[in-house]
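This briefing is intended for a reader who is meeting the structure for the first time. Please view the sequence and the structure together before turning to the points that follow.

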Amino acid sequence: MNRVMLATGLSALLLSACSVVGTRSAAVSGQLRGFSADQNLRLALVGYNNGQYTADGAQAQVIDKFLTGGYTLTLPRDVPYGTYRVIVFRDANNDDRYNAGDTVLSRYSGKLLVYAARDNAVFNGTKYGWNIYDGNTGQIQTTLLNNYDLQSAN
């Protein structure tokens, strides 16, 4: 009986590890600059291709209304491969999600988050999983995803 329970426990552990075996989980962090407090602000990861947003606000996160200056956002593993941005937006309808009608308050810095299906996909130098591509310098961050600073558009 103990062997059956042990085998069952090991099977469950292996199945739960399957989600870890895929794309590595990641988080992006940066500073917030120029945003005023009490504006009903949120962060969202949105698709960004050819200068257009893909309104999938499933990853919205409330920013501290006192805007302490920094943020960390956990990046999902269940989105399509491609290019993304972290944005600051005003949540007009208070649904904690980015919708096409919400106002984006952050300026585009030239940096993109790249979710790559394999090494060197999308941009040369990217690695499988999450990366930051800096369009201004051509540099790519593949392990520590920091300095993704968000500046107010105003």
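This is a predicted model: local features need pLDDT of at least 70, side-chain atom pairs count only at pLDDT 80 or more; totals for chains, interfaces and linings use all residues.

**Aromatic cluster and overall picture**

One aromatic cluster is formed by Tyr81, Tyr84, Tyr115 and Trp130.

**Aromatic pairs**

- Five aromatic pairs are present in the structure.
- Tyr81 and Tyr115 make a stacked pair, because their ring centres are 4.9 Å apart and their planes stand at 25 degrees, with planes under 30 degrees apart counting as stacked.
- Tyr81 belongs to the loop between S5 and S6, whereas Tyr115 belongs to strand S8 (residues 111–116), so this pair ties together parts that are 34 residues apart in sequence.
- An edge-to-face pair is formed by Phe89 and Tyr98, with 5.4 Å from centre to centre and 75 degrees between the planes.
- Phe89 is buried, its relative accessible area being 0%, and Tyr98 is also buried, at 6%.

**The open sheet**

- Three strands, in the order S5-S1-S11, form an open sheet with mixed pairing.
- Strand S5 (70–75) and strand S11 (150–151) are at the edges and have a single partner strand each, so one side of each lacks a neighbour in the sheet.
- Strand S1 (residues 26–33) runs parallel to S11, and two bridges join them.
- Arg33 is placed opposite Gln151 in S11.

**Backbone in the loop between S6 and S7**

- Most residues other than glycine have a negative phi.
- Asn94 has a positive phi, near 55 degrees, and is located in the loop between strand S6 (82–90) and strand S7 (103–104).
- Asp96 likewise has a positive phi, near 60 degrees, and is found in the loop between S6 and S7.
- Asp96 is partly exposed, with a relative accessible area of 37%.

**Burial, contacts and surface**

- Of the 154 residues in the protein, 36% are buried.
- Among contacts with a separation of 6 or more, 65% are between residues 24 or more positions apart.
- The protein has an accessible surface of about 8,800 Å², and carbon and sulfur atoms account for 51% of this surface.

Definitions and conventions:
Residues are numbered from 1 along each chain as its sequence is written. Side-chain values use heavy atoms; hydrogens and water are left out. Two strands pair if DSSP finds at least two bridges between them. Helices (H or I, at least four residues) and strands (E, at least two) are DSSP runs, numbered from the N terminus. Buried means under 20% relative accessible area, exposed over 50%, partly exposed in between (1.4 Å probe, protein chains only). Contact means heavy atoms within 4.5 Å. Accessible areas come from the Shrake-Rupley method with a 1.4 Å probe; for residues, only the protein chains shown count as cover. Rings of Phe, Tyr and Trp (its six-membered ring) pair if their centres lie within 6.5 Å; planes under 30 degrees apart count as stacked, over 60 as edge-to-face and the rest as tilted.
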